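Subject: Structure handover

Hello,

Here is the structure for your files, with notes on the pockets, the sheet and the helix packing to follow.

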Amino acid sequence: VSVYNEVNCMVDFIINNYGKIDVLVNNAGISKQILFTDIKELQWDKMFDVNVKGVFNCCSCVVPSMISRKYGKIINISSIWGLTGASCEVHYSASKAAVIGFTKALAKELGPSGINVNCIAPGVILTDMNSMLDECTINELKSETPLRSIGSAIDVANAVLFLADDKSSFITGQVISPNGGYVI
């Protein structure tokens, strides 16, 4: 997603074969736990290339067809760390905060064209990205979460399904955070 021409080819393929794109979910992302003082410029750039430039590229390629049809749903995936920041994840937190700002600004710009733009900022979710967490850390996170559990991919998928559905047609520019109460 960080290479514009590849994203453009993907979008052209989809439109040529399926006619249109009604919903765009920007879910590609990378993370890395590292002290701020150890982050190298290339690591910073890669984080932003995937997590922010990827969102920009996908939206840039999809939005013109949504504007012409006066319909579309864009759902950007951020993180609770984009809301609160996380120690040892400065570049990740900054990139996810950028996605939130991007979402809010684009929602204002595309609203008059009938396009909803929203963001999901998941809490700790059991995914490959968090597979390095040991049992002790998982239990600690559970105890710090009011619902006393860690989220699953289905919790995030349900939020995506809601925002992709016409039941959410009066919601735009919002950040929904399935996090079990970890961030209140």
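This is a predicted model, and the largest pocket in it has a volume of about 700 Å³. Its lining is made of 31 residues, and those nearest the centre are Tyr-92, Gly-123, Thr-127, Met-129 and Asn-130. By class, the lining of the largest pocket has 18 nonpolar, 10 polar and 3 charged residues.

Four helices each give at least two residues to the lining of the largest pocket: H3 (80-84), H4 (90-110), H5 (135-144) and H6 (153-164). The largest share comes from H6, with 4 residues.

The second largest pocket holds about 150 Å³ of space. It is lined by 14 residues, with Ser-149, Ile-150, Gly-151, Asn-179 and Gly-180 closest to its centre. The lining of the second largest pocket splits into 7 nonpolar, 6 polar and 1 charged.

Next, the sheet. It is open and has 4 strands in the order E1-E2-E3-E4, with parallel pairing. Strand E1 (23-26) and strand E4 (175-176) are at the edges and have a single partner strand each, so one side of each has no neighbour in the sheet. Strand E3 (residues 115-120) and E4 run parallel and are joined by 2 bridges. Opposite Ile-176 in E4 stands Ile-120.

Helix H2 (residues 41-69) touches E1, strand E2 (72-77) and E3, and its direction makes about 175° with that of E1. H4, one of the helices that supply the lining of the largest pocket, also packs on the sheet, where it touches E2, E3 and E4. The direction of H4 makes about 165° with that of E3.

Last, the packing of two helices against each other. The axes of helix H1 (residues 4-18) and H2 come within 8 Å and cross at roughly 35°. This crossing of H1 and H2 is right-handed. On the H1 side the contact is made by Tyr-4, Val-7, Asn-8, Val-11 and Ile-15. On the H2 side it is made by Asn-57, Cys-58, Ser-60, Cys-61, Val-62 and Ser-65. The residues of the contact of H1 with H2 comprise 7 nonpolar and 4 polar, with no charged.

Regards

Note on methods
Residues are numbered from 1 along each chain as its sequence is written. This is a predicted model: local features need pLDDT of at least 70, side-chain atom pairs count only at pLDDT 80 or more; totals for chains, interfaces and linings use all residues. Side-chain values use heavy atoms; hydrogens and water are left out. On a 1 Å grid over the protein atoms alone, a cavity is a set of points where a 1.4 Å probe fits but cannot get out, and a pocket is an open set with protein on both sides within 12 Å along at least five of seven lines; lining residues have an atom within 4 Å of a point. Grid points are joined across faces, edges and corners, and a volume is the space filled by probe spheres set on the points. Ala, Val, Leu, Ile, Met, Phe, Trp, Tyr, Cys and Pro count as nonpolar, Asp, Glu, Lys and Arg as charged, and the others, Gly among them, as polar. Two strands pair if DSSP finds at least two bridges between them. Contact means heavy atoms within 4.5 Å. Axes are lines fitted to C-alpha atoms, for helices over the stretch in contact, and angles run from 0 to 180 degrees between N-to-C directions. A crossing is left-handed if the near helix is turned anticlockwise from the far one by less than a right angle, and right-handed if clockwise.
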